[in-house]
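The report below goes through the contacts pair by pair.

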Amino acid sequence: MRDKYLEECKIIQQNSTYTAEAHHQTASVARRNVFWLEVLPAVSAAITGTLVASGVSDVKLLPLTIISASVSAVTAILNPNKAYQEHLLAAKNFTALKHDARFLHEARSANIPDDALALAIQSLHEKYNELLKMVPPCDDKSFRKARAVIHKGIHEPDTDWNGRIK
């Protein structure tokens with residue numbers, strides 16, 4: 001039975017790895033959206049508004065000022081930064097869970113009795129499921145990109161247990 005618990009622990013680690021990376025990918029897209037929807041229109045509105053108000057430029061820039069200010073106002077209501085923060089937090093939580101699962105099956109499992117191991121893995125399983133209920137979903141494109149990143153070995157340690165580079 002111990003082998004089945006350890007296998008479940010490895011599955012939790014793997015699932016957490018994929019879920020964390022997918023949320024990192026989604027957060028990355030959301031971060032770019034923050035720039036294009038918040039920063040660029042606000043800067044554009046400030047610059048063109050100042051030029052029009054100071055009389056340096058004629059009223060040809062006024063429509064651009066109005067559009068930039070309108071985009072800034074709508075963006076303030078939609079709050080794309082919220083999506084970035086939510087996905088980044090989800091990625092961090094799943095990364096921590098991944099490390100907990102790895103530590104349990106690679107380092108601690110040999111030194112704890114079967115019943116304690118079963119409880120620890122059950123706790124990890126419940127924590128994973130609770131996180132899934134709380135976080136926003138990722139899109140399929142982010143998951144596919146996450147899978148490609150993981151398959152490149154980015155989440156594998158660079159050294160072995162003796163500190164030698166692999």
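## α1 against α5

From α1, the residues Thr-17, Tyr-18, Glu-21, Ala-22, Gln-25 and Thr-26 meet Ser-142, Phe-143, Lys-145, Ala-146, Arg-147, Val-149, Ile-150 and His-151 of α5. Contact means heavy atoms within 4.5 Å. By class, this contact of α1 with α5 holds 6 nonpolar, 5 polar and 3 charged residues. Here Ala, Val, Leu, Ile, Met, Phe, Trp, Tyr, Cys and Pro count as nonpolar, Asp, Glu, Lys and Arg as charged, and the others, Gly among them, as polar.

Helix α5 covers residues 140-151. Helices are DSSP runs (H or I, at least four residues), numbered from the N terminus. The α1 and α5 axes lie 8 Å apart, at an angle of about 120°. That makes α1 oblique to α5. Angles under 35 degrees count as roughly parallel, over 145 as roughly antiparallel, 65 to 115 as roughly perpendicular and the rest as oblique. Axes are lines fitted to C-alpha atoms over the stretch in contact, and angles run from 0 to 180 degrees between N-to-C directions. The crossing of α1 past α5 is right-handed.

## Model and numbering

This is a predicted model: local features need pLDDT of at least 70, side-chain atom pairs count only at pLDDT 80 or more, and totals for chains, interfaces and linings use all residues. Residues are numbered from 1 along each chain as its sequence is written, and side-chain values use heavy atoms, with hydrogens and water left out.

## α3 against its partners

α1 and α3 pack at about 160°, with axes 7 Å apart. They are therefore roughly antiparallel to each other. Their contact divides into 18 nonpolar, 11 polar and 5 charged residues.

α3 (residues 80-108) also packs on α4 (residues 114-134), at about 165° and with axes 11 Å apart. That makes α3 roughly antiparallel to α4. This contact has 11 nonpolar, 1 polar and 2 charged residues. Among the α3 residues in it are Phe-94, Leu-97 and Leu-104; the α4 side includes Ile-121, Leu-124 and Tyr-128.

## The nonpolar core

Which residues have the most contacts inside the largest nonpolar core? They are Leu-104 and Leu-124, in a core of 16 residues. Such a core is a set of buried (under 20% relative accessible area, 1.4 Å probe, protein chains only) Ala, Val, Leu, Ile, Met, Phe, Trp, Tyr and Cys residues joined through side-chain atoms within 4.5 Å. α1 (2-54), α3 and α4 each supply at least two of its residues.

Leu-124 touches Cys-9, Ile-12, Leu-97, Asp-100, Ala-101 and Leu-104, leaving aside residues up to four places away in sequence.

Notes
Buried means under 20% relative accessible area, exposed over 50%, partly exposed in between (1.4 Å probe, protein chains only). A crossing is left-handed if the near helix is turned anticlockwise from the far one by less than a right angle, and right-handed if clockwise.
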